[in-house]
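Student: Please take one part of this model and walk me through it closely. I would like to see how single residues sit in the fold and what lies around them.

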Amino acid sequence: MTIMSMVSGCSHPEATSEIEILIRESPIVTKSVLPDEGLISDLNIFVFDSYGKPVYNTFSGGSGTFSVNLLKGERYSVHACVNFGYKVTAQSREELEGMRYHMAYPDEYRSGIPMYAQKDLFVEEQGIVVLEPVRFLSRISIRMDRSRLSEGVRMDVTSIKLGNCPKSISICGKSRVENEDGCFRSGFSHSGPSCAPLNTENSARLSDDLSLYMLENMQGRFSQEDIGKDEDKVFEDYDSRSRICSYVEIGMEYSSDAWISKKSPLKYRFYLGEDRNSLDVERNCHYHITVCPEDDG
């Protein structure tokens, strides 16, 4: 949790406001299968005046307390760029808010999930501003429901991945991939033993959850009308949206009385979105998806 408080003093003509940032300590390890969503390993703090000019900027590689003198009766904005991994420079509030955060790899979160926070402030005798960082990533939790499979049909997950994952995101406002060069073809993934949660079953034949992570990708509506069935949410090969809209692809080993997948697992793909007709994947959201193969799969 990151808490920033500003308290103006009363003993000087110019009020002194102290920003306090409390960081939960957590060891930084190598690339992890599941990111530590609460980890904060570095942050950039900005304060801009009412004209959008910087009055304070600092970069910290860890926890600390930061103080800045601000004038009483004036308006400011406080900003925090969390887990960017580098010092951010901006000559104005407009420049900062127009920046994009770029990822080097689609599944590299060993230093924490990138986040951003902003709050406007009017300095009075006493005041506190609390910044609530917003994660740039969405979390997509998948589970399997095998209750509708025919008797004798078995489907075991061998891999699961996100496709068409954005390489960058706007710090402020909605963000989307504009062309196929702007996304990783293969994003966050699990394979082999790490897929074990999806191959468990309780009494209702529901598996445990397994989570994937990706940057926001707000691609809008798939269709203006209800397409009727989930399986109708597909693209033709010539449709450019198939190369910029984000999807989940699952590899499954299949066996039944009639057929067995021997050489390579079967691939199943579905495109993401807020609902059946949407292609939006929004930052800082947790999506829950149940994959339910039926009959012969």
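Tutor: Let's begin with a word we will need: a residue is buried if its relative accessible area is under 20%, exposed if over 50%, and partly exposed in between, using a 1.4 Å probe and protein chains only. The model is predicted, so local features need pLDDT of at least 70 and side-chain atom pairs pLDDT 80 or more, while totals for chains, interfaces and linings use all residues. Residues are numbered from 1 along each chain as its sequence is written, and side-chain values use heavy atoms, without hydrogens or water.

Now find asparagine 164. With a relative accessible area of 5%, asparagine 164 is buried. Its place is in strand S10, residues 154-166; strands (E, at least two residues) and helices (H or I, at least four) are DSSP runs numbered from the N terminus. Asparagine 164 is no glycine, yet its phi is positive, about 55°. Most residues other than glycine have a negative phi. Asparagine 83 has a positive phi too, near 60°. This asparagine 83 sits in the loop between strand S5 (75-82) and H1, and it counts as buried because its relative accessibility is 3%.

Next, move to histidine 190 in strand S12, residues 183-191. At 3% relative accessibility, histidine 190 is buried. Its side chain reaches the backbone oxygen of serine 211 at 2.8 Å, a polar contact (N or O atoms within 3.5 Å; within protein, one able to donate a hydrogen and the other to accept it, with sequence neighbours counted only if both atoms are side-chain atoms). The C-alpha atom of histidine 190 is 9.7 Å from that of isoleucine 250, although the two are 60 residues apart along the chain.

Now for the part I would like you to study closely: asparagine 277. Its place is in the loop between strand S16 (266-271) and strand S17 (278-281). Asparagine 277 is buried, at 5% relative accessible area. A polar atom of its side chain lies 3.3 Å from the backbone oxygen of serine 223. Setting aside neighbours within four places in sequence, asparagine 277 is in contact with Arg221, Phe222, Ser223, Glu225, Asp226 and Ile227, where contact means heavy atoms within 4.5 Å.

One of those partners, arginine 221, forms a salt bridge with aspartate 275 at 3.3 Å, N to O; the term means a side-chain nitrogen of Lys or Arg within 4 Å of a carboxyl oxygen of Asp or Glu. Arginine 221 is in strand S14 (residues 217-221) and aspartate 275 is in the loop between S16 and S17, so this pair links distant parts of the chain, 54 residues apart. Arginine 221 is partly exposed, with a relative accessible area of 43%, and aspartate 275 is partly exposed at 38%. The structure holds 16 salt bridges. Another of them pairs arginine 93 with aspartate 120, with closest N and O atoms 3.1 Å apart. Because arginine 93 lies in helix H1 (residues 93-97) and aspartate 120 in strand S7 (residues 115-122), they tie together parts 27 residues apart in sequence.

Strand S15 (247-255), S16, S17 and strand S18 (286-291) each supply at least two lining residues, and S18 gives the most, with five. By class, the lining has 15 nonpolar, four polar and 10 charged residues. Here Ala, Val, Leu, Ile, Met, Phe, Trp, Tyr, Cys and Pro count as nonpolar, Asp, Glu, Lys and Arg as charged, and the others, Gly among them, as polar.
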